[in-house]
Amino acid sequence: MKGITTTTVVALVSVAAAVDVMVVVVVVVVVVVVVVVVVVVVVVAVAVVVAVAVAAAMAVALAAAVMVVAVFVHGLTFNVLKLLMEADPQLFDECSAKHRADEEEEGRREQEMHDAKVKV
């Protein structure tokens, strides 16, 4: 191999070594970027899971609070009816009968209106 000198070989080896170092640096940079992306995706996924869990817990707590209030209001209503019934049983019976009659009349009118709409 004429024309190839020691200096040329040393220069080629130096270039090859520099290219190897650059390839290693590029691979390391790509690996770091991939790791960062994976970490970000995992953090976002965990944040979403935590947010969903917190929202679900809040919904359950709200539903429980609504149930407690509903039971409380039902109890109060029952107590008021009981007090009214004990205070004047005859008046309570008259009012209850009128209320039932009014409800039946309203139901009958709603049925008539529904039937009239169906005919049209």
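Which residues does the UniProt annotation "transmembrane region" cover? I looked that up first: the unreviewed entry gives 28-52 and 59-81. UniProt positions are in the numbering used here, feature names are shortened, and annotations may be inferred rather than shown by experiment.

**Ground rules.** I'm working on a predicted model, where local features need pLDDT of at least 70, side-chain atom pairs count only at pLDDT 80 or more, and totals for chains, interfaces and linings use all residues. Residues are numbered from 1 along each chain as its sequence is written, and side-chain values use heavy atoms, with hydrogens and water left out.

**Annotated spans.** I checked residues 28-52: 100% helix, 0% strand, with the end C-alpha atoms 36 Å apart. Residues 59-81 also come out at 100% helix and 0% strand, and there the end C-alpha atoms are 33 Å apart.

**Overall form.** I counted two helices and zero strands in the chain (DSSP runs numbered from the N terminus: H or I of at least four residues for helices, E of at least two for strands). The radius of gyration is 42 Å, well over the 14 Å from the globule rule for 120 residues, so the chain is more spread out than a compact globule. That radius is taken over C-alpha atoms, and the rule is 2.2 Å times the number of residues to the power 0.38. Along the principal axes, the C-alpha atoms fill a box of roughly 130 × 45 × 10 Å.

**Burial.** I get 1% of the 120 residues as buried (under 20% relative accessible area; exposed is over 50%, partly exposed in between; 1.4 Å probe, protein chains only). Val-21 sits in helix α1 and is exposed, at 52% relative accessible area. From the C-alpha atom of Val-21 to that of Ala-97, 76 residues along the chain, I read 97 Å.

**Pocket.** Which residues line the largest pocket? I noted Leu-81, Leu-84, Asp-88, Leu-91, Phe-92, Cys-95, Ser-96 and His-99. A pocket here is an open set of points on a 1 Å grid over the protein atoms alone where a 1.4 Å probe fits, with protein on both sides within 12 Å along at least five of seven lines; lining residues have an atom within 4 Å of a point. Helices α1 (6-87) and α2 (89-119) each supply at least two lining residues, and α2 gives the largest share, five.
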